[in-house]
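Trainee: I am new to this structure. Can you show me how to read it?

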Amino acid sequence: MKLAQRIDKWLVYARFVKHRSLACELVEGGHIRINRARVTKTSHPVKPEDVLTIAIHNDVKVVKVLAEAEKRGSAPVARQLYEELQAGPATEKMGA
């Protein structure tokens, strides 16, 4: 069992983006933070218990990493990889 996974792969496997190239753009563009530290290298490791702040689609998501994955799976499987800690503005508007 691995102890950590590349952030670009994890973002794809957790279904935050469709393709690894999009994950690379997010990371290299400074849109990802791991435990409050900005990450700009796509090979940066992410492991269970890390807290990610993801700025994507005019929204900010804060999630806690629960697990790693070996491949991109279905949405229910991907949802088991993280726990959402904070709802972004777009999510709050939908509930209103």
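Trainee: Is D8 buried or exposed?

Mentor: Residues under 20% relative accessible area count as buried. This is a predicted model. Here D8 has a relative accessible area of 0%, so D8 is buried.

Trainee: Where is D8 found?

Mentor: D8 lies in helix 1, which covers residues 7-13.

Trainee: Which side chain makes a polar contact with the side chain of D8?

Mentor: Look for the partner and the distance. The side chain of R6 is a partner, at 3.0 Å.

Trainee: Which residues is D8 in contact with, leaving aside neighbours within four places in sequence?

Mentor: D8 is in contact with R20, A23, C24 and T42.

Trainee: Now the chain as a whole. How many helices and strands are there?

Mentor: The chain has four helices and seven strands. Along the sequence, the pattern reads β-α-α-β-β-β-β-β-α-β-α. The chain has 96 residues, and 35% of them count as buried.

Trainee: Which residues touch the most other members of the largest nonpolar core?

Mentor: That core has 23 residues, and I7, W10, L11, F16, I32, L52 and I54 touch the most other members. Helix 1, helix 2 (20-28), strand 2 (32-34), strand 5 (51-56) and strand 6 (59-65) each give two or more residues to this core. Helix 1 gives the most, with five residues.

Trainee: What does I32 touch, not counting residues up to four places away in sequence?

Mentor: I32 touches I7, L11, L26, V27, A37, R38, V39, T53 and I54.

Trainee: What share of the accessible surface belongs to carbon and sulfur atoms?

Mentor: The surface comes to about 6,100 Å², and 53% of it belongs to those atoms.

Note on methods
Residues numbered from 1 in each chain as written. Predicted model: local features only at pLDDT ≥ 70, side-chain atom pairs only at ≥ 80, totals over all residues. Heavy atoms only, no water. Buried < 20%, exposed > 50% of the residue type's maximum accessible area, 1.4 Å probe, protein only. Polar contact = N/O pair within 3.5 Å; in protein donor to acceptor, adjacent residues only side chain to side chain. Contact = heavy atoms within 4.5 Å. Areas by Shrake-Rupley, 256 points an atom, 1.4 Å probe, with all protein chains shown as cover. Core = buried A, V, L, I, M, F, W, Y, C linked by side-chain atoms within 4.5 Å.
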